[in-house]
Structure formats: C-alpha cells, structure tokens
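Morning, everyone. Please take a look at the next slide. I'll walk you through it.

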Amino acid sequence: MMGVPQPLAGRHALVTGGGRGIGAAIARQLLSLGAHVTITGRDVARVTAAAAEWGDRAAGIKMDVTDPGSIEAGIKGASDHFGPIAILINNAGIAKAAPFAKTDLALWEDILRTDLTGAFLCAQAVLPGMLGLGWGRVVNVASTAGLTGLAYCTAYCAAKHGLIGLTRALAMELASKKVTVNAVCPGYTDTDIARETIANIVAKTGRSPEEALAGLVAGNPQKRLIAPEEVAEAVAWLCLPGSGSMTGQSIAVAGGELM
Ligand code: NDP
C-alpha cells in the first residue's frame, strides 16, 4: 500500500497563535504533510496541551508576538529543538471593532502591534535561518479586511492592509532567495473571533445571534462562515515545494466575497 505523501517531511514550521482557531487547523494540516510543527501563543498551557495531543512532531511554546524579547527567545528555543524554521505562519492576531471616533490610541496600538508589528518581528527573527537553508515559506494570515474597507474596523483594516504591504515588499526582496512570502485573506471564519463578534453585535444592537450571524455572512455569496480547515488548505498549498512560483500574493479564502 502506498503511504500518505509527506512533501514537507524534514521541514520545521512555526505557527504563531497555533493553539486554537485557524492557527490550530494550519498546524494540523502541516503535520499531516510531514512537517515538524512548533505552535506558539501567550497561553502556554493551551499550546503545550495541543502539541502533546498531536504527537512528537509537534511542540508548543510560549511566545507573545507583541514582545520582541519573547519572540527572540521563542524562535531560539524552537530552532534548538526542531532545527531552523523553514516555514513561518504569521497567524497570531486580535480583532476589535469600534467606531472611528471611539478608536483610542490604546486600541489602535494594540491591534497594530499584534497583527502587523508581530509579523514583522517574527519574519525578521526567522529569516537568517531560512537564508541559511536556502529555502523558506512565509505565509501571513491577513483578512479580507486587508483588501477592502470595513466599517468600525479602522485599526484592524489598517493593520491587515499593512500586513499585505509587508507581504508584497518582502516577496520582492526575497525573490531570488527561494523564500516565498504570501498572504491568505479569510472572510469571517468559524473561530472565537467570529463568536466574539456575534456576541458583540447581539450586546450592542439587541439582535438575535442568528440575525447577527446572517449580517456577518451577508457579504459572502455562499452565505456561511468559512471553516478554519479551508483556510489551512490554502496556507498548506502555499508551503508545498511545488508552489515556489507563488510569491507576493494575497489570496482571499472567502466564498467569493472579493473577486
Ligand atoms: P482566535 O481568537 O481563535 O485565535 C487567535 C490566536 O492568536 C490565538 O491562538 C492567540 O493565542 C493568538 N494571539 C493573539 N494575540 C497574541 C499575542 N500577542 N501573542 C501571541 N499569540 C497571540 O482567532 P482566529 O483563529 O480566528 O484568528 C487567527 C488569524 O486569522 C488572526 O490573525 C485573525 O486576524 C485572522 N482572521 C480571522 C478571521 C475570522 O473571522 N475568524 C477572518 C480573517 C482573518 P493566545 O491567546 O494563546 O495568545
């Protein structure tokens, strides 16, 4: 009987925010393709428990992407354990909505620091290892909010547009180095972020959860939330050896919401 293909065997992937939601789905997908996978998050109990469940090609470490010292220590620890990181998935992110007039500097900085600066710092920390390997994949989990404007989301849209700008510029800079840099842009996806958004709409508008969900998915022609596994499929494909000509792209995984 033929074995399952393991095109990422021998590659070490690091998934920020890999303990739950989209990040956990990406980690599981990369493991199924043969990679060694380190997942990171602030909640160390969650990431170590998830990794323990997934077997000895998975490891969980504490890493806060808003803290440069934590990133440096995390990348060093992960590289010492499974070798240099060949695949970086910048997935960690937060989403908080607020009308522009109520978007204070603290909210703005919180989102920019996590969703944009965190990806910058992680990419910078892993790049020497990728250049040493002569091969690398960076996939940034942006959002449809990185490709278009959304009301009440100025900070989040600014961060995700910035992440796409970072993706494009770094892809150009690394084009001759066999390191590709891409973004995936999910629409509303069935994770804690979507659940919190629905709870927020219910609390602020008095709508029912069903009405709030219908409002969220109204812009998606398929009228449904995206499954985390669907985002993971797109991310994993960008990491495959055969995807080397894909770079600088921002791929919407959103049921046709953007074309
Ligand atoms: P979740 O809230 O389920 O997961 C967010 C993850 O990010 C958690 O694992 C969390 O881990 C981690 N994280 C948050 N802040 C930090 C930090 N400072 N340092 C390290 N890790 C951090 O959300 P999703 O899975 O939905 O989101 C994943 C990505 O997908 C985000 O970038 C989000 O913007 C993006 N996205 C989500 C969409 C959706 O509708 N769900 C749509 C479009 C994009 P911990 O708490 O342990 O730190």
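Which residues are closest to the ligand, and how many surround it? 28 residues surround the ligand, and the closest are Arg42, Asn91, Tyr156, Thr189 and Thr191. Near here means that one of the residue's heavy atoms lies within 4 Å.

Before more detail, some ground rules. This is a predicted model, where local features need pLDDT of at least 70 and side-chain atom pairs count only at pLDDT 80 or more, while totals for chains, interfaces and linings use all residues. Residues are numbered from 1 along each chain as its sequence is written, and side-chain values use heavy atoms, with hydrogens and water left out.

A polar side-chain atom of Arg20 sits 2.9 Å from a ligand oxygen atom. For Asn91, a backbone N or O atom is 2.8 Å from an oxygen atom of the ligand. Thr189 has a polar backbone atom 2.7 Å from a ligand oxygen atom.

Now the sheet. Helices (H or I, at least four residues) and strands (E, at least two) are DSSP runs, numbered from the N terminus. Two strands pair if DSSP finds at least two bridges between them. Seven strands make an open sheet, ordered β3-β2-β1-β4-β5-β6-β7, with parallel pairing. β3 (58-62) and β7 (250-253) are at the edges with a single partner strand each, so one side of each has no neighbour in the sheet. Inside the sheet, β1 (residues 12-16) pairs with β4 (residues 87-90) in the parallel sense over three bridges. There, Leu14 stands opposite Leu88 of β4.

Next, two helices. Angles run from 0 to 180 degrees between N-to-C directions, with axes fitted to C-alpha atoms, for helices over the stretch in contact. Contact means heavy atoms within 4.5 Å. Helix α3 (residues 68-82) and helix α4 (residues 105-133) pack at about 35°, their axes 10 Å apart. Who makes the contact? Pro68, Ile71 and Ile75 come from α3, and Gly118, Leu121, Cys122, Ala125 and Val126 from α4.

Note on methods: A polar contact is a pair of N or O atoms within 3.5 Å; within protein, one must be able to donate a hydrogen and the other to accept it, and residues adjacent in sequence count only if both atoms are side-chain atoms.
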